[in-house]
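I set out below what I looked up in this structure, entry by entry.

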Amino acid sequence: MLPVPDGLDGMRVDAGLAKLLGLSRTAVAELAEAGDVLLDGKPAGKSDRLTAGGLLEVTLPEPRTVEVVAEPVEGLRIVHDDDDIVVVSKPVGVAVHPSPGWTGPTVVGGLAAAGLRISTSGAAERQGVVHRLDAGTTGVMVVAKSEHAYTVLKRAFKERTVDKGYHALVQGHPDPTKGTIDAPIDRHPRHDYKFAVVAGGRPSVTHYEVVEAFRAASFAHIKLETGRTHQIRVHFAALRHPCVGDLTYGADPVLARRLGLSRQWLHARTLGFAHPADGRWVEFEADYPEDLAAALEKLRAES
């Protein structure tokens, strides 16, 4: 049982509890519908309003366990492999690790199927994972194989000493052509599956430079200073220049169809960091997959 903080006074139950507990509004709504949210001892509906000082009692469900299934992943390419790390080029439609609701292939499962032992640090379903890419984003990523590598790489990502380079096709022509987007990101206030630039969100910094311009789009090189979920997609959507093909964040479906894209044109191109074994700087690169390469060539041919 906990009192409603002053900052949540007047908010809907689903919105307020989502903020307080770090859950999605959908998850809170399901709890309320099941009678698992009590406000001053009475069941609260998802649209009821919170009152500062009121007593909240929330019964959370038992956490669901997620198992790693060792199965080969088509298109998962190993870029580098040694005693401490494995660097892969992740194909589209592949999540990094299992999670509730995801039934598709995973990087962790693909590595297990390939007989690669990875670090046992981290939650059971995401052992060895030190950073992630969206299922719909392709490119280079590293997984820790040793416990030492896991610790060192986790710290490196947290302290922002990792060099993360992305390439993106964004709609229109960003002005200026080189700049920094510094805007906080949090869950979208109305749509749980999306993120948005939100006052009070987590600090998020994206550096970009347009290196090629076409009639309908621009090709940009991007460096991430932070690594929030959907960061590049959210930041460019906020500038009204969403990634080409990213219908979730407002991209033009006509342009996406013309270029043969069924997902965002966004690729983790390069990854550089101090190798956890000896501190030497290493850099890895992932080639564009066929759909992104074809879309880019089509734009170049039209220019």
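What percentage of the residues in the chain is buried? I worked from a predicted model, and I found that buried residues make up 46% of the 303 residues.

**Overall form.** I counted seven helices and 15 strands in the chain. I then compared the radius of gyration with the globule rule: for 303 residues a compact globule would have a value near 19 Å, and the chain has 21 Å, which agrees. The C-alpha trace spans about 65 × 45 × 30 Å along its principal axes. I also looked at contacts between residues at least 6 apart in sequence, and 63% of these join residues at least 24 apart.

I located the 35 positive and 39 negative charges, whose mean positions are 4 Å apart.

**Annotated site.** I consulted UniProt, where an unreviewed entry lists Asp134 under "active site". I placed aspartate 134 in the loop between α3 (107–113) and β7 (138–144). Leaving aside residues up to four places away in sequence, I found that aspartate 134 touches Lys90, Val94, Thr229, His230, Arg233 and Gln264.

**Histidine 230.** I followed one of these contacts of aspartate 134, His230, to the loop between β13 (217–224) and α5 (231–238). Is histidine 230 buried or exposed? Its relative accessible area is 15%, so I recorded histidine 230 as buried. Its phi is near 65°, a positive value in a residue other than glycine. I kept in mind that most residues other than glycine have a negative phi.

**Aspartate 40.** I found a positive phi, near 55°, at aspartate 40 as well. Aspartate 40 lies in the loop between β2 and β3 (42–43). I recorded aspartate 40 as exposed because its relative accessibility is 54%, and the cut-off for exposed is over 50%.

**Helix α1.** I examined α1 (residues 13–21), where Val13, Asp14, Ala15, Gly16, Leu17 and Ala18 are buried. Which elements cover the buried residues of α1? I found α2 (25–33), β2 (37–39) and β4 (55–58) among them. Just after α1, glycine 22 takes a positive phi of about 75°.

**Cis peptide bond.** I noted a cis peptide bond joining aspartate 175 and proline 176, with omega about 10°. Proline 176 is in the loop between β8 (163–171) and β9 (178–182).

Notes:
Residues numbered from 1 in each chain as written. Predicted model: local features only at pLDDT ≥ 70, side-chain atom pairs only at ≥ 80, totals over all residues. Heavy atoms only, no water. UniProt positions renumbered as here; feature names shortened; annotations may be inferred. Helix = DSSP H or I, 4+ residues; strand = E, 2+ residues; numbered from the N terminus. Contact = heavy atoms within 4.5 Å. Rg over C-alpha atoms; globule rule 2.2 N^0.38 Å. Buried < 20%, exposed > 50% of the residue type's maximum accessible area, 1.4 Å probe, protein only. Lys, Arg positive; Asp, Glu negative; His and termini not counted. Charge placed at Lys NZ, Arg CZ, Asp CG, Glu CD.
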